[in-house]
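Hi everyone, thanks for coming. Today I'd like to walk you through one structure, taking the rings and charges together with the strands. Have a look at it before I start.

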Amino acid sequence: MGQDHIRYDILAQDALRGVIRKVLSEVAATGSLPADHHFFITFLTEAPGVRISQHLKSKYPEQMTIVVQHQFWDLKVYDGYFEIGLSFSDKPEKLTVPFSAVRGFYDPSVNFELEFDVSLAEEAEGGAEITAYPEQQATEIQIVSVEKTEGEAEAKPAGGSVVSLDSFRKKN
């Protein structure tokens with residue numbers, strides 16, 4: 001097999017992070033979440049570019065999960081990161097989170113989840129190159145369609161199959 005000079009693995013991960021960027025951009029533009037949507041975003045607190053208060057960093061030394069639902073403000077989305085205002089124990093905080101630091105994104109209203117396993121050491125060494133290996137050494141993406149009948153929504157496979165990013169990774 002030939003060498004992957006294009007690095008499809010990195011392109012696929014960047015595309016998946018683009019989903020998060022797009023969703024947050026739409027929320028930032030409208031100032032609110034549509035319908036029952038809300039997000040759990042887990043990120044590495046020690047990743048390069050993450051800016052959180054010392055109090056939060058000491059409470060969450062490795063990673064933390066934020067909930068974007070009813071009370072958030074000043075959501076700003078840029079190419080490589082987002083900023084958001086949230087309240088922790090009635091204390092307002094401003095967080096800056098690079099998309100490369102995000103380990104997980106989950107919208108329970110539609111059971112949509114993306115998961116990345118970001119290595120701090122590899123990220124710091126590699127600069128712009130992001131290496132992500134999910135828990136079982138493969139990221140799976142399943143495209144589903146949601147069919148709504150008489151007030152109930154049901155997710156069904158959309159004629160596709162589960163795609164493993166492992167199949168796109170550079171083989172050493």
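Let me begin with a definition: we say a charge sits over a ring if NZ of Lys or CZ of Arg is within 6 Å of the ring centre and within 35 degrees of the ring normal. Please also keep in mind that this is a predicted model.

With that in hand, find R21: its charged end sits over the ring of F99, 5.0 Å from the ring's centre. Now find R17, whose charged end sits over the ring of F116, at 4.0 Å from the centre.

Next, the sheet. In what order do the strands of the open sheet come? The order is β3-β4-β5, three strands with antiparallel pairing. At the edges are β3, residues 73-77, and β5, residues 91-98, and each of these pairs on one side only. Going from one strand to the next, the twist averages 20 degrees. A helix belongs in this picture too: α1, residues 8-30, packs on the sheet and touches β3 and β4. The direction of α1 makes about 135 degrees with that of β3.

Let's zoom in on one pairing. Strand β4, residues 81-88, runs antiparallel to β5, and 8 bridges join them. If you'd like one to look for on screen, take G85, whose bridge partner in β5 is K94.

Now for the aromatic rings. How many aromatic pairs does a search of the whole structure find? There are 5. Take F40 and Y106 from among the rings: their centres are 6.3 Å apart and their planes are at 35 degrees, so we call the pair tilted. Why does this pair tie together parts that are 66 residues apart in sequence? Because F40 lies in strand β1, residues 39-44, while Y106 lies in strand β6, residues 102-107.

Another pair is F105 with F112. Here the ring centres are 6.5 Å apart and the planes are at 70 degrees, so the pair is edge-to-face. F105 has 2% relative accessibility and counts as buried, whereas F112, at 33%, counts as partly exposed. Bring in F39 as well, and ring pairs link F39, F105 and F112 into a cluster.

That's my tour, and I'm happy to take questions!

Notes
Residues are numbered from 1 along each chain as its sequence is written. This is a predicted model: local features need pLDDT of at least 70, side-chain atom pairs count only at pLDDT 80 or more; totals for chains, interfaces and linings use all residues. Side-chain values use heavy atoms; hydrogens and water are left out. Two strands pair if DSSP finds at least two bridges between them. Helices (H or I, at least four residues) and strands (E, at least two) are DSSP runs, numbered from the N terminus. Axes are lines fitted to C-alpha atoms, for helices over the stretch in contact, and angles run from 0 to 180 degrees between N-to-C directions. Contact means heavy atoms within 4.5 Å. Rings of Phe, Tyr and Trp (its six-membered ring) pair if their centres lie within 6.5 Å; planes under 30 degrees apart count as stacked, over 60 as edge-to-face and the rest as tilted. Buried means under 20% relative accessible area, exposed over 50%, partly exposed in between (1.4 Å probe, protein chains only).
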